[in-house]
Amino acid sequence: MTEETPGFEEKPDVPSGATSDDAEPKADSPANAEGAAPAGDSSSDAGLVAQLDQVRTALNERTGDLQRLQAEYQNYRRRVERDRITVKEIAIANLLTELLPVLDDIGRARDHGEFVGGFKSVGESLETVAAKMGLQQFGKEGEPFDPTIHEALMHSYAPDITETTCIAILQPGYRIGERTIRPARVAVAEPQPGAQGVKSEADESAAGDDKDNGPEEG
């Protein structure tokens, strides 16, 4: 009878120096890794949101600063342009004011028939240049007296007018655009005191005569 060798339990090969605990992975390691990941992601997202809010706030502040700076620059440009135009107008007005006596001499020479020859050519050229620079002459006989543009040097009464009227232009006025640089110097006449009452009575009398002289019915 053959004698059998006692059997033995087979075990998996284990590397030398390793224990059985090392050979078998821990069952709860994957679960621990999966549980730690969501916590880290949440903290990272919160940090990104905070950084994004800071960037948006800084962007809004810089945008507001830029808009204010642009508005200030536009206002500065408008002020400079307005001041430039004002200075130019003042300079032109001062120059033309100095030329007014010369223009008055030209006007008197024209009125007296002395505006001839070379003097006429030079005078007309000067008047043309002054007109191109914006100088306008005003003041006519028969127009109503306006104290804002007329200066009365002579005064009289007239029975045939109904309001204060310029009856003679002693010196023409000049303006540049809406700015008067010299008023027109004029002689004015006012309605004759009592003339309006007399005229009204005369009109009423004439109307009554016309009524009395109307056609008679036969």
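Helix α2 gives the most to the lining of the largest pocket, supplying six residues. The model you are looking at is predicted, and its chain holds four helices and six strands.

**The chain as a whole**

- Following the sequence, the elements come in the order α-α-α-β-β-β-β-β-β-α.
- Of the 218 residues in the chain, 14% are buried.
- The chain's accessible surface is about 17,300 Å², and carbon and sulfur atoms account for 53% of that area.
- If you take the contacts between residues at least 6 apart in sequence, 65% of them join residues at least 24 apart.

**The largest pocket**

- The space in the largest pocket amounts to about 370 Å³.
- Its lining is made up of 17 residues, and by class these are eight nonpolar, four polar and five charged.
- To find the middle of the pocket, look for Leu 103, Gly 107, Gln 137, Pro 172 and Tyr 174, the lining residues that lie nearest its centre.
- At least two lining residues come from each of α2 (29-111), α3 (117-132), β1 (135-138) and β3 (165-171).

**His 150 in strand β2**

- His 150 sits in β2, the strand that covers residues 150-158.
- The relative accessibility of His 150 is 4%, so this residue counts as buried, the cut-off being under 20%.
- The His 150 side chain has a polar contact of 2.8 Å with the side chain of Glu 143.
- Setting aside neighbours within four places in sequence, His 150 touches Glu 143, Pro 144 and Phe 145, along with Cys 166, Pro 183, Ala 184 and Val 186.

**Gln 171 in strand β3**

- Gln 171 belongs to strand β3, one of the elements that each supply at least two residues of the pocket lining.
- With a relative accessible area of 17%, Gln 171 is buried too, because the cut-off for that label is under 20%.
- Two side-chain partners are worth a look here: Gln 171 makes a polar contact of 3.2 Å with the side chain of Asp 104, and another of 2.5 Å with the side chain of Arg 185.
- Beyond neighbours within four places in sequence, the residues in contact with Gln 171 are Asp 104, Arg 182, Ala 184 and Arg 185.

Conventions:
Residues numbered from 1 in each chain as written. Predicted model: local features only at pLDDT ≥ 70, side-chain atom pairs only at ≥ 80, totals over all residues. Heavy atoms only, no water. Buried < 20%, exposed > 50% of the residue type's maximum accessible area, 1.4 Å probe, protein only. Polar contact = N/O pair within 3.5 Å; in protein donor to acceptor, adjacent residues only side chain to side chain. Contact = heavy atoms within 4.5 Å. Areas by Shrake-Rupley, 256 points an atom, 1.4 Å probe, with all protein chains shown as cover. 1 Å grid on protein atoms, 1.4 Å probe; cavity = no way out; pocket = protein on both sides within 12 Å on 5 of 7 lines; lining within 4 Å. Points joined across faces, edges and corners; volume = space filled by probe spheres on them. Nonpolar A, V, L, I, M, F, W, Y, C, P; charged D, E, K, R; others polar.
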